[in-house]
Amino acid sequence: MNERDISQATVRNLIKRIAGIVRRTWVHIFLLTLGFVVLMPFLWMITTSLKPLELMRVPPHLIPTHFYWQNYAIALESAPFGRYYLNTIIVTIGIVVGQLFLSSLAGYAFARLRFPGRNILFLVLLSTLMIPIYITLIPSYLIIRGFGLVNTYLGLILPFLVSAFGIFLFRQYYIGFPKDLEDKALMDGCSRLQIWRHIFLPLSKPAFATLGIFAFLFAWNSFLWPLIVTTDPDMWTIQIGLAMFSGRYGTQWTYLMAGTTISIIPAIAIFIILQKYYIKHLALSARLG
Amino acid sequence: MAKLVIKNLVKRFGKTTAVSNLNLNIKEGELVVLLGPSGCGKTTTLRCIAGLETPDEGEIWIGDTLVNDMSPKDRDVAMVFQTYALYPHMTIYDNLAFPLKMGKVPRREIDVKVKKVAQMLGIGELLDRKPTQLSGGQQQRVALGAAMVREPKVFLMDEPLSNIDAKLRVHMRAEIKKLQKDLGVTTIYVTHDQIEAMTMADRVALIIEGTLQQHGSPSDIYNHPANTFVGTFVGSPPMNLIECSLIEMNGLLSLEFGGFVYKLNKNIVGITEKKAGGSELVLGIRPEDLTLHLNQVEGSYEGKVSIIESLGRESVAYVGVGADILKIFVPKTLGFSVKVGDKVWVSFDEDKVHIFDKKFGKILI
């Protein structure tokens, strides 16, 4: 190999490396842009919560010149947010636990038990996914009122205790489980319920995490149903409390954003805790299948 | 320990009949291998015994109990699955203890039993691990242990060795056989591997297309096949089958095939005459019962070598005789002197000739 060959090889290598850097730069720019688009509303929410009340400035600016931390104190004092928080936690726990428990049981039944009408029932269940919540709102309210559950936690929880999506999710998850595992458990002396309890339940953490995140976000953010079914401010949830800042004559943006910032902290925490299982779900469903 | 009796078992899936009118009588402490090609209904039979499938007809008796309507857990049988079916979220200890825990055995007793079984199988060191941290062979031992720990009346094994490598399989074959003899538990072992069947079984039940073809000791099955299916399924290379017709020549009965005539000796003639429905027959002879000659000898047939297959220890020659290709072991004395295209002569060991009727493949002699 003479000197010219060596220098040519070096040049080729250099070109290759530069091309690699350029490609990676583009990918990073793309990802950063996406990340910025997703993060922007959060950033806007936080900075708005720290601006003075008369925030309408032209041109608008992202970072306030002076941080008004007292916005948080004012927002929290303007309504019993502690009470709203507690109500929301109770309702959310009720809905999440109920959905996880019932979806897992029903999903197991649809995936594994042979009973007459199973497939038709499952189709009916799936078709309920197509019904918008607004259609069932009034009948649901009439039923809940009929039971005398207006202004109760039960009234807030009951209509959302079962989730067709959750049952579908668990059925799909369980259908991929090895059949031998269940046969073995049967031979080891398990009843159907024990198979669910000892085998399926411990093996479905990813499915629980996935549905858990969805159910939590749904319950935590739900507004319309709590608004309809509660008239007593003591039973209000945090979303209704936040809506108080939007009055007929205008919205107190800074206080609304301060309240919102506080209200989304649990949601973000839950997602961070459960995301490793949530992502695992995808990998696991590929492996088990 | 218990005997196991299967009477007229029938299992259908939709229009296909997986098991058709199966009768089996398994003695106490016996190891019976259900042998057959994949999809022949042997696993279905096993699952019927386990209670994982409900038979459409027939009776299954374990000991003196009719178990047809009993749930799997009440039958006192344990099964080793092809995939081992170890619970992935439990440690090996918990996997072994699980059947006992479900049976409400006191914790202290569970501990004693689990440790005893673990020691017997040499997996005492692995008790704290999870199944995914074990090699295939170790998982296989755990699966065996999980079946043994309950001390059931009957062991059911569904191709337990098909997922481990060939060398370990030979070892485990002997080990399972020894364990079974030591424990004395009646065992039904399903496999499609004839070597496993021949080496392990006290008796072999050969099933093809859901029907029991023959039930007997391995040597019985090999030396006295009940029909052409059995003859060709067991043995490697399989039995040679030659279609022929019964003719009378000079007052003597002979078999005629492809221009050749095989004279039947007197002994054979008597039986053949009695049983033969028609004159169309099949002559069956195993490769080791044929002899290859380089020169013509009395009573031999001329042929041409078309393929030579080396099995390492020995070679098999495919010799065209008339319209048939016969598989023959090349004698060691001939070594490498036989070549493809050579003209050779083949003679039959008369005592080892099997004659089947052509229509049903059933043995005549």
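## Salt bridges within chain B

In this predicted model, B:Asp202 and B:Lys181 form a salt bridge in which the closest N and O atoms are 2.9 Å apart. B:Asp202 lies in the loop between helix H6 (194–200) and strand E9 (203–208) of chain B, while B:Lys181 belongs to helix H5 (residues 166–183) of chain B, so the pair ties together parts that are 21 residues apart in sequence. B:Asp202 is partly exposed, with a relative accessible area of 26%, and B:Lys181 counts as partly exposed at 40%.

A salt bridge also joins B:Arg12 to B:Glu57, with the closest N and O atoms 2.9 Å apart. Since B:Arg12 is located in strand E1 (residues 4–13) of chain B and B:Glu57 in strand E4 (residues 57–62) of chain B, the contact ties together parts that are 45 residues apart in sequence. B:Arg12 is partly exposed at 36% relative accessibility, and B:Glu57 is partly exposed at 39%.

The side chains of B:Lys115 and B:Asp111 meet in a salt bridge with an N to O distance of 3.2 Å. Because these two residues are four residues apart in helix H3 (residues 107–121) of chain B, about one helical turn separates them. B:Lys115 is partly exposed, at 46% relative accessibility, and B:Asp111 is partly exposed, with a relative accessible area of 25%.

Over all chains, the structure holds 20 salt bridges. A network of salt bridges links A:Lys179, A:Asp183, B:Arg47 and B:Glu53, with residues from chain A and chain B taking part.

## An open sheet in chain B

Five strands of chain B form an open sheet in the order E13-E12-E11-E14-E20, and their pairing is antiparallel. Strand E13 (260–263) and strand E20 (354–357) of chain B stand at the edges with a single partner strand each, so one side of each has no neighbour in the sheet. From one strand to the next, the twist averages 40°.

## A nonpolar surface patch in chain A

On the surface, A:Ile133, A:Tyr134, A:Phe218, A:Phe223, A:Leu224 and A:Leu227 form a nonpolar patch whose accessible area together is about 540 Å². Helix H5 (133–146) and helix H11 (224–229) of chain A are the elements that give two or more residues to this patch. A:Ile133, which lies in helix H5 of chain A, is partly exposed, with a relative accessible area of 36%.

Technical notes: Residues numbered from 1 in each chain as written. Chains lettered and ligands numbered in written order. Predicted model: local features only at pLDDT ≥ 70, side-chain atom pairs only at ≥ 80, totals over all residues. Heavy atoms only, no water. Pairing = 2+ DSSP bridges. Axes fitted to C-alpha atoms, helices over the stretch in contact; angles between N-to-C directions. Patch = residues over 30% accessible without salt bridge, like charges linked within 9 Å, V, L, I, M, F, W, Y side chains within 5 Å. Areas by Shrake-Rupley, 256 points an atom, 1.4 Å probe, with all protein chains shown as cover. Salt bridge = Lys/Arg side-chain N within 4 Å of Asp/Glu carboxyl O. Buried < 20%, exposed > 50% of the residue type's maximum accessible area, 1.4 Å probe, protein only.
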